[in-house]
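Please walk through the model shown here, beginning with a single position and widening the view from there to the chain as a whole.

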Amino acid sequence: MPDKPSAPVRRDRTKSAPTPSREKSTHEEGEKRGLFSRIRLFISQVIAEMKKVTYPTRNETWTYFVVVIVFVTAVMAYTGLLDLIFGKLNALIFG
C-alpha cells in the first residue's frame, strides 16, 4: 500500500536577526550626514526591512479574504436592518 503524501512542512517565519539600531547606522557624534547620504541610508534600510517580510501563503490569503467578506456582509446586514427599523419608526412618528 503506497504511503499518503504528507502535508508540506512550513518554514520558520520568524526574523533571523534584529533590526540594526540607529546608532550603528550613523556617523560619529556631532557629524551630520549629507542629503544624499541620508537618502541612500533610508533606501538601504527599507530594502533590509523588505527582505524580512513574509508574505501569506495562497491558502492564508484566501482565508483572510473570506473572513473579511463575511465580516463586511454581517456589518452591512446589521446596519441595513437598523436603517430599516429606524426608517419605519420615523415614518410612524412623523409620517
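Val46 counts as partly exposed, because its relative accessibility of 34% falls between the 20% under which a residue is called buried and the 50% over which it is called exposed. In this predicted model, Val46 lies in helix 1, which covers residues 35-51. Val46 also contributes to a nonpolar surface patch of about 1000 Å², which it forms together with Leu35, Phe36, Ile39, Phe42, Ile43, Ile47, Met50, Val53 and Tyr55. Its place in that patch is open to it because patch residues must have over 30% relative accessible area, and Val46 stands at 34%.

Ser37 is likewise placed in helix 1, but with a relative accessibility of 15% Ser37 counts as buried, since the limit for that class is set at under 20%. The side chain of Ser37 is joined to the side chain of Arg33 by a polar contact of 2.9 Å.

Turning to charged side chains, one finds that the structure holds one salt bridge, in which the side chains of Glu49 and Lys52 meet at 3.6 Å, taken from N to O. Side chains of opposite charge can pair when their charged atoms come close.

Seen as a whole, the chain contains two helices and zero strands. Of its 95 residues, 3% count as buried. The accessible surface of the chain comes to about 9500 Å², and carbon and sulfur atoms account for 66% of that area.

Notes:
Residues numbered from 1 in each chain as written. Predicted model: local features only at pLDDT ≥ 70, side-chain atom pairs only at ≥ 80, totals over all residues. Heavy atoms only, no water. Salt bridge = Lys/Arg side-chain N within 4 Å of Asp/Glu carboxyl O. Helix = DSSP H or I, 4+ residues; strand = E, 2+ residues; numbered from the N terminus. Buried < 20%, exposed > 50% of the residue type's maximum accessible area, 1.4 Å probe, protein only. Areas by Shrake-Rupley, 256 points an atom, 1.4 Å probe, with all protein chains shown as cover. Patch = residues over 30% accessible without salt bridge, like charges linked within 9 Å, V, L, I, M, F, W, Y side chains within 5 Å. Polar contact = N/O pair within 3.5 Å; in protein donor to acceptor, adjacent residues only side chain to side chain.
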